[in-house]
Amino acid sequence: MSQFIPYGRQSISEADIEAVCQVLRSDYLTCGPKVEAFEARFAEKVGAKHAVAVNSATSALHLAMLVSGIGQGDRVITSPNTFLASANCAAYVGATPDFADIDPASYNLDPGALEQAWKPDVKAVVAVDYAGQPCDMPAIAGIARKHGAVVIEDACHGAGGGLVHDGRSWKLGGHPWADMTIFSFHPVKTMTTGEGGMLVTDNDKWAQRARQLRSHGMVRSSADFVGLITPSEFPLPDFRSQLSERGPWYYEMQELGYNYRLTDIQCALGLSQLDRLDEFIARRCEIVARYNEAFAGLKFVKPPQLARRSQPSQISWHLYTVQMDFQQIGKTRTEVMAALKQHGVGTQVLYIPVHLQPWYRKTYGYGPGKCPVAETYYTRALSLPLFPAMTDEQISRVIQAVRGLA
Ligand SMILES: Cc1ncc(COP(=O)(O)O)c(C=O)c1O
């Protein structure tokens, strides 16, 4: 049987491998020159002032909450059609994660639903660019900023992608409608560092604080030191006055932080992948175009619709998710997935509405009916294989297998 086609897969070249090997032969495995180089190149690529590299997008989302001062008593609205992390980050800081329904065409947060779901304690919105298609960020930012809330764009699916507004193109991470943007470099995403994430922002203070928090809240710059002791504690010179000595070893922990660091090994891979990102995006767009054309005439498959603000060549497609009419096919989704697997075609279901997860139901009392569009979407969602190394023959095999379902 021909090779199994997974729903997503990283693309690792010899150049990627060599870049990692070079770091392994060097003096620094972590916190060396590759971290700074990756941050600088990524910030330049997306058009942001600062990029802070961390060990996952989940960590980046957590830091986004911390630096923007979200905490107990605050509410954070996100999309139910996302991975758990977009909502969990609010719970990490003691805030209440909440959900507004999605738009049935883009599967992204619906600005109308966001407006309706607004409550006085909402302090942040986490807008998720599902599958890489941009949210309607100008509309979302308009609502959030009217209420003084922070806009965090979860662009984990869309590194390198962009949006269009008033005829002008912007990169995700570089447009003015998000205060912070988060990217993921997990292997199924559009570029990878193994595990990894990036927080980008134009806000100097937030970037500086995110850097501090990713490494235990440690401060190393003498200008920012407050000291371990004050002169009044030990006014007479004795051995304890040496407690105030600040040699080259000295650092201070001024707030509680974490180890969210990304290594030089990973950043070397990230730099090399960044060189290939435009190629990846172009190939993903080609595959999406072929699928769209092939499935246009099928009654039981609805291809993804182009979102408002999307421009076909600028979408960094992470997923190709269709809405499938399982009733018309006469099979359950599980049976359809098994039938496709028989043809060597891997599929995935993204996402289970987060508000229906048992922990969310138990903790916040959410239940079915809260986000009906996302719930209906979920019952029909199926993601087909999409990754840059897919061959034309593999694309044809997927198309044939889907056509053969009914
Ligand atoms: C939309 C979204 N947000 C956040 C995350 C978390 O990313 P990471 O795995 O890098 O922590 C993911 C990962 O699947 C995601 O898809």
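Me: Which residue in β3 stands opposite R75?

Reply: Heads-up: this is a predicted model, where local features need pLDDT of at least 70, side-chain atom pairs count only at pLDDT 80 or more, and totals for chains, interfaces and linings use all residues. Residue numbers start from 1 along each chain, as its sequence is written. Strand β2 (residues 75-78) and strand β3 (residues 96-99) run parallel and pair over four bridges (two strands pair if DSSP finds at least two bridges between them). In β3, the residue opposite R75 is T96.

Me: Which elements make a right-handed β-α-β unit?

Reply: Helices (H or I, at least four residues) and strands (E, at least two) are DSSP runs, numbered from the N terminus. Right-handed means that, with the strands pointing away from you, the path from the first strand over the helix to the second runs clockwise. The elements that build this unit are β2, α4 and β3.

Me: And what is the bridge partner of I77 in β4?

Reply: β2 also pairs with strand β4 (residues 122-128), in the parallel sense and over four bridges. In β4, I77 has as its bridge partner V125.

Me: Which are the edge strands of the open sheet of three?

Reply: That sheet has the order β12-β13-β14, with antiparallel pairing. Strand β13 (residues 320-324) is joined to β14 by four bridges, and Q323 sits opposite A381 in β14. The edge strands, each pairing on one side only, are β12 (301-302) and β14 (381-384).

Me: Where does α8 bend?

Reply: Helix α8 covers residues 264-295, 32 residues in total. Its first and last C-alpha are 43 Å apart, close to the expected 46 Å (1.5 Å times one less than the number of residues). The bend, taken as the angle between axes fitted to the seven residues ending at a residue and the seven starting there, is about 50° and falls at R276.

Me: Which residues come nearest to the ligand?

Reply: Being near here means that the C-beta atom, placed from the backbone, lies within 6 Å. The shell holds 14 residues, and α3 (57-67) and α4 (85-92) are the elements giving two or more of them. The nearest are S56, A57, T58, F83 and S184.

Me: Which residue does a cis peptide bond join to L350?

Reply: Omega of that bond is about 10°. L350 is joined in cis to Y351.
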